[in-house]
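Q: Below is a structure to be read through its own criteria, with each label set against the rule behind it. How do the values lead to the terms?

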Amino acid sequence: MSTTVANADTHEKTWGGGNEPLKASYGKMMMWFFIVSDALTFSGFLAAYGFSRFKFIDAWPIADEVFTHVPFLHGQELPMIYVAFMTFVLIMSSVTMVLAVDAGHHLNKAKVTLYMFLTIIGGLIFVGSQAWEWATFIKGDFGAVQTKGGNILQFVDTNGHRVALRDFVVAGEGERVQHERKNGIWFVSEGTLPTYTVEEVIAGLEKHENILVRNQILDEHGHKTVLTRAESLKQLKANGKRVVEGANLHVNEYGSPLFADFFFFITGFHGFHVFSGVVINIIIFFNVVLGTYERRKSYEMVEKVGLYWHFVDLVWVFVFTFFYLV
């Protein structure tokens, strides 16, 4: 049914959309509604991240120092290389999805099958890469000491290069029992114990005169502040609270714990979207193989899942910009 509206000039204007607004089917309209609502959710998360970073701008971790790892190339400093690879793979999977949709418009089952398969492979590579990046971030590489005020003290040599705790600290022979609810206060328990204690770090620092402490405060040039030898020992002895290895929702060896909180939450939320998209793509892929859409003479389901996949790719562009580039 169409609706007729008469204006003051008695000319009639008819909206020809009928029950298909914007000439889109019900399924595609619902997908667009979902995408808009989900975009608002991601916008809220990224806005919160932006406000938090602005508030702690002088102590925020530097992405080039955090994301330097590449699989099978352990120990080499390659900032942003693997993240760039992940981004390239996800964007290329969006290209193959476009080709799958176009092939569906031409009812070309063979090409739809091929391009859907390539899209699924790209999504799996991205999800696997993100899982590897999470594991690397959680494990850490250098270690640091958290102060009583919650700041992070890292260690560098006289040339300003990061030094890992294992390079100058020797673990003592004594063994501290991990505090658990069953052997202590019932409502308090500890996580995994660090490899070293603060006292062992202090002893190691005293024996290596070429190692200095730098804090997480950035100077006017955007570099972290390196303390003198005397200040390094004084700061560590006066304010050292516990050794931090890697990152989690409570501590972060690279800097502010808030950075790790946002990283795990936002990239994890996006990763869940990608994983969900891969699962949906697999279902659609098998329907294509079975000829379901060929019999319907319509590959609209491929187009609808394609809209979702392009949205996931677009969101990653913003996540990539906020976390890795800015």
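A: Two strands count as paired if DSSP finds at least two bridges between them. In this predicted model, 5 strands form an open sheet in the order β6-β5-β4-β3-β7, with antiparallel pairing.

Q: What makes β6 and β7 edge strands of the sheet?

A: β6 (224-226) and β7 (240-244) each have a single partner strand, so one side of each is left without a neighbour in the sheet. From one strand to the next, the twist averages 40°.

Q: How do you know that β5 and β6 are paired?

A: The criterion asks for at least two bridges, and 2 bridges join β5 (residues 211-218) to β6, the two running antiparallel; the pairing therefore meets the criterion. Within these strands, R214 stands opposite V226 in β6.

Q: Which strands does helix α6 touch, and at what angle does its direction stand to that of β7?

A: Helix α6 (residues 229-239) packs on the sheet, touching β3, β4, β5 and β7, and its direction makes about 95° with that of β7.

Q: Why is α3 called roughly antiparallel to α9?

A: Helix α3 (residues 81-105) and helix α9 (residues 300-325) pack at an angle of about 160°, with their axes 10 Å apart. Angles over 145 degrees count as roughly antiparallel, and the packing angle therefore makes α3 roughly antiparallel to α9. The contact includes M86 and L90 of α3 as well as W309 and F320 of α9, and by class it has 14 nonpolar, 6 polar and 2 charged residues.

Key. Residues are numbered from 1 along each chain as its sequence is written. This is a predicted model: local features need pLDDT of at least 70, side-chain atom pairs count only at pLDDT 80 or more; totals for chains, interfaces and linings use all residues. Side-chain values use heavy atoms; hydrogens and water are left out. Helices (H or I, at least four residues) and strands (E, at least two) are DSSP runs, numbered from the N terminus. Axes are lines fitted to C-alpha atoms, for helices over the stretch in contact, and angles run from 0 to 180 degrees between N-to-C directions. Contact means heavy atoms within 4.5 Å. Angles under 35 degrees count as roughly parallel, over 145 as roughly antiparallel, 65 to 115 as roughly perpendicular and the rest as oblique. Ala, Val, Leu, Ile, Met, Phe, Trp, Tyr, Cys and Pro count as nonpolar, Asp, Glu, Lys and Arg as charged, and the others, Gly among them, as polar.
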